[in-house]
Amino acid sequence: MSARKPASPAPRTAYRLSKSRLLSFLQCPKRLHLALHRPDLAEEDEGAARRMAAGHGVGEIARRLHPGGVLIGHDDDLGSALAETAKLVKASPRVPLFEATFEHEGVLVRADLMLPQGRGWRMVEVKSSASVKDYHLRDCAIQTWVARHAGIRVHSTAVAHVDTAFVYPGGNNYRGLLKEVDVDEDIEALAVEVQGWVSAAKAVLAGPEPAIAVGGQCDDPFPCPFYAHCSRDLPPGPEYPVELLPGVAGKRLAAALRASGIDDLRDAPEERFETDQLHRIWQTTVNGEAFLDPASAGQMAQYGWPRHYLDFESVQFAVPVWAGTRPYQQLVFQWSCHTEEKDGRVWHREFLDTSGEDPQRRFAESLIEALDDDGPVFVYNQSFEATRLKELSEPFPDLARRLENIVGRMVDLLPITKRFYYHPEMKGSWSIKAVLPTVDAEMSYDGLETVSHGQEAQAAYLELIAQDTPTGRKTELERGLLEYCRHDTWALVKLAKMLSEGS
Ligand code: SF4
């Protein structure tokens with residue numbers, strides 16, 4: 001009888017891991033598995049695209065700050081990138097390298113900056129955030145581990161992040177935009193773990209899809225693009241989950257209710273709600289009817305006429321584009337104002353800067369011209385609008401007194417609404433987008449086609465001022481932005497009317 005030949009082992013694929021894939025594994029092994037085996041299931045969010053765009057802008061500045069450096073391209077041919085890096089690392093004299101590419105044990109990394117330091121190198125990871133985050137340290141630990149095992153003398157590792165104290169002087173001078181923070185001590189402890197991460201990630205890739213349920217990891221540090229896939233079979237949650245309870249006390253109570261097996265707010269016993277606000281939310285939800293305290297009419301009656309209803313839109317840049325501005329500064333480019341007379345007449349004025357130049361002076365002057373008279377100025381969440389106007393006083397001290405006058409006349413409708421109004425469909429939120437559809441069902445933000453929330457407004461503005469945007473598209477974006485901001489202030493008119501009537 002001839003001996004049976006042993007079955008050949010299943011062929012093993014030699015998986016190549018990039019740094020971002022390894023970081024995906026650290027967020028969730030299933031994410032890594034899906035990214036490689038089922039990338040078609042990913043749904044990228046707008047936030048990811050925005051973060052990537054900001055990262056590219058900062059990376060480009062970082063390279064400009066090191067003249068004489070060499071960018072190692074070959075984005076589609078990493079073999080060539082590895083070969084070119086190897087050549088340049090040994091070249092003499094050495095120069096800064098951008099996107100230097102290293103590989104060890106199938107893990108491939110690209111370093112943002114490799115700067116000659118003594119007889120070795122300083123590795124710098126460039127980030128568009130305003131500080132060093134924990135996940136940056138894991139990123140640097142992987143990068144340094146690979147480079148060192150590839151034979152590179154990495155003397156030090158740093159994160160270069162955006163310094164929010166930097167004021168752009170103009171003229172493409174970005175010296176000082178980035179702040180380098182040495183992270184050698186922080187990554188030392190992590191470095192010994194990298195080998196384990198790599199082995200575990202490879203084992204995950206070679207095995208079946210890990211059975212991991214959705215949880216806190218799905219949003220930490222970034223939203224996972226596979227959430228829709230992983231959550232597709234989850235049973236629908238309660239209609240009014242206890243987690244809708246707002247504030248620290250609300251969150252604490254929600255956790256306690258969950259722990260005692262209660263997940264729908266309507267099932268919670270009344271005696272658990274100790275504050276007036278939480279009790280009102282519970283009672284209104286149980287009753288299924290809106291609550292409006294008639295005393296709101298008395299509160300609103302104390303304000304004079306005409307009444308102005310005001311809203312701003314602003315934009316932030318990781319890399320400032322206008323002289324005198326700082327990274328991530330909120331820069332106002334649009335306002336909308338409805339004005340209501342005592343006899344019920346309402347008219348509207350607005351401003352939107354489409355020039356692509358610093359809009360702040362024109363914003364401030366046009367607003368002063370519109371509001372340089374009497375009457376309360378209603379806003380929703382006053383700290384945003386008031387802070388923007390106070391900030392405008394710095395570059396334009398000649399306008400400070402009149403800007404302060406507007407701030408002094410502001411009335412915040414948010415605390416008034418919180419005090420006097422709640423509707424079960426607000427589900428624990430007093431954001432204007434949660435409140436408005438309960439005040440006027442026809443005024444949902446869903447009907448706005450081009451711009452329907454603040455992040456879209458920022459993106460629309462950036463597209464609008466971009467030189468290569470076609471004229472037809474610019475017209476569409478301008479219309480969308482004006483409609484969105486006008487919608488916001490018309491919402492305030494409606495809300496104030498309801499509060500003034502008290503019924
Ligand atoms: S959605 Fe959550 S469980 Fe699913 S892969 Fe992503 S992180 Fe993992």
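**A walk through the predicted model**

Helices here are DSSP runs (H or I, at least four residues), strands are E runs of at least two, and both are numbered from the N terminus. This is a predicted model, in which local features need pLDDT of at least 70, side-chain atom pairs count only at pLDDT 80 or more, and totals for chains, interfaces and linings use all residues. Residue numbers start from 1 along each chain, as its sequence is written.

Next, the domains. The chain is split into domain 1 (17-206), domain 2 (242-286) and domain 3 (295-501), with bounds that come from an automatic or database domain assignment. The centres of domain 2 and domain 3, taken over C-alpha atoms, are separated by 33 Å. Seven residues from domain 2 and four residues from domain 3 make the contact, where two residues touch if their C-beta atoms, placed from the backbone, lie within 7 Å. On the side of domain 2 that touches domain 3, there are four nonpolar, two polar and one charged.

Then there is an open sheet of five strands with mixed pairing, in the order β11-β10-β9-β12-β13. Pairing requires that DSSP finds at least two bridges between two strands. At the edges sit β11 (346-352) and β13 (410-412), each of which pairs on one side only. On average, neighbouring strands of this sheet are turned by 25° against each other, direction ignored. Angles run from 0 to 180 degrees between N-to-C directions, with axes fitted as lines to C-alpha atoms, for helices over the stretch in contact. Strand β10 (residues 331-340) pairs with β11 in the antiparallel sense over seven bridges, and Q334 stands opposite L352 in β11. Lying across β9 (307-315), β10, β11 and β12 (377-379) is helix α11 (residues 360-371), which runs at about 10° to β10.

Another packed pair is made by helix α16 (residues 454-465) and helix α17 (residues 471-501), whose axes come within 9 Å and cross at roughly 145°. A457, A460, Y461, E463 and L464 of α16 make the contact with K474, L477, E478, G480, L481 and Y484 of α17. These residues divide into seven nonpolar, one polar and three charged.

Most residues other than glycine have a negative phi, and most peptide bonds are trans. D220 and P221, however, are joined by a cis peptide bond with omega of about 10°, and P221 is in the loop between α6 (184-206) and α7. From W305 to P306 the peptide bond is also cis, with omega near -5°, and P306 is placed in the loop between α10 (295-301) and β9. H74 is not a glycine, yet has a positive phi of about 55°. The loop that holds H74 is the one between β2 (70-71) and α4 (78-90).

Definitions and conventions. Ala, Val, Leu, Ile, Met, Phe, Trp, Tyr, Cys and Pro count as nonpolar, Asp, Glu, Lys and Arg as charged, and the others, Gly among them, as polar.
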